[in-house]
Amino acid sequence: MKKTEKGIALILFAILLQLCSTGMELFTLGLGIAGLVMAFAG
């Protein structure tokens with residue numbers, strides 16, 4: 001994976017964390033973590 005794609009994945013995960021702190025469910029956070037792990041593993 002290119003560095004730019006990893007950077008975009010990291011930024012999207014940070015946005016997801018911000019949304020979770022405003023009251024979103026933990027299930028959504030779990031999906032975000034899984035997506036981040038797959039982005040760095042792939």
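Reader: Which exposed residues does the face of α2 turned away from its buried side carry?
Author: That face of α2 carries Leu26, Phe27, Leu31, Val37, Met38 and Ala41. Exposed means over 50% relative accessible area, buried under 20%, and partly exposed in between, with a 1.4 Å probe and protein chains only. Please note that this is a predicted model, in which local features need pLDDT of at least 70 and side-chain atom pairs count only at pLDDT 80 or more, while totals for chains, interfaces and linings use all residues. Residues are numbered from 1 along each chain as its sequence is written, and side-chain values use heavy atoms, with hydrogens and water left out.

Reader: And which are the buried residues of α2?
Author: They are Leu29, Gly32, Leu36 and Ala39. Seen down the axis of α2, these residues fall within an arc of 85 degrees, so they line one face of the helix. The arc is taken from the directions from the helix axis to the C-beta atoms.

Reader: Why would residues three or four places apart point the same way?
Author: An α-helix has 3.6 residues a turn, so residues at that spacing point the same way.

Reader: What span should α2 have, and how far apart are its end C-alpha atoms?
Author: Helix α2 covers residues 26-41, and at 1.5 Å a residue its 16 residues should span 22 Å; the end C-alpha atoms are 22 Å apart, which agrees. The expected span is 1.5 Å times one less than the number of residues.

Reader: How many helices and strands are there in the protein chain?
Author: There are two helices and zero strands. Both kinds of element are DSSP runs, numbered from the N terminus: helices are H or I with at least four residues, and strands are E with at least two.

Reader: Turning to the core, which residues make up the largest nonpolar one?
Author: It has five residues: Ala9, Phe13, Leu16, Leu36 and Ala39. Both α1 and α2 give two or more residues to this core, and α1 gives the most, with three. A nonpolar core is a set of buried Ala, Val, Leu, Ile, Met, Phe, Trp, Tyr and Cys residues joined through side-chain atoms within 4.5 Å.

Reader: Is leucine 29 buried or exposed?
Author: Leucine 29 counts as buried, at 17% relative accessibility. Its C-alpha atom is separated by 7.1 Å from that of leucine 17, twelve residues apart along the chain.

Reader: Where is leucine 17 found?
Author: Leucine 17 is in helix α1 and is partly exposed, with a relative accessible area of 40%. Leucine 17 and isoleucine 33 are 9.6 Å apart, C-alpha to C-alpha. Isoleucine 33 lies in α2 and is partly exposed at 40% relative accessibility.

Reader: What about glycine 35: where is its place?
Author: Glycine 35 is in α2, partly exposed at 36%. Its C-alpha atom and that of alanine 9 are separated by 8.2 Å.

Reader: Now the surface. Which residues make the nonpolar patch of about 400 Å²?
Author: Ile8, Ile11, Leu12 and Ile15 make that patch; isoleucine 8 is in α1, which covers residues 3-21. Patches take residues with over 30% relative accessible area and no salt bridge, joining like charges within 9 Å and nonpolar side chains (Val, Leu, Ile, Met, Phe, Trp, Tyr) within 5 Å. A salt bridge is a side-chain nitrogen of Lys or Arg within 4 Å of a carboxyl oxygen of Asp or Glu.

Note on methods. Areas by Shrake-Rupley, 256 points an atom, 1.4 Å probe, with all protein chains shown as cover.
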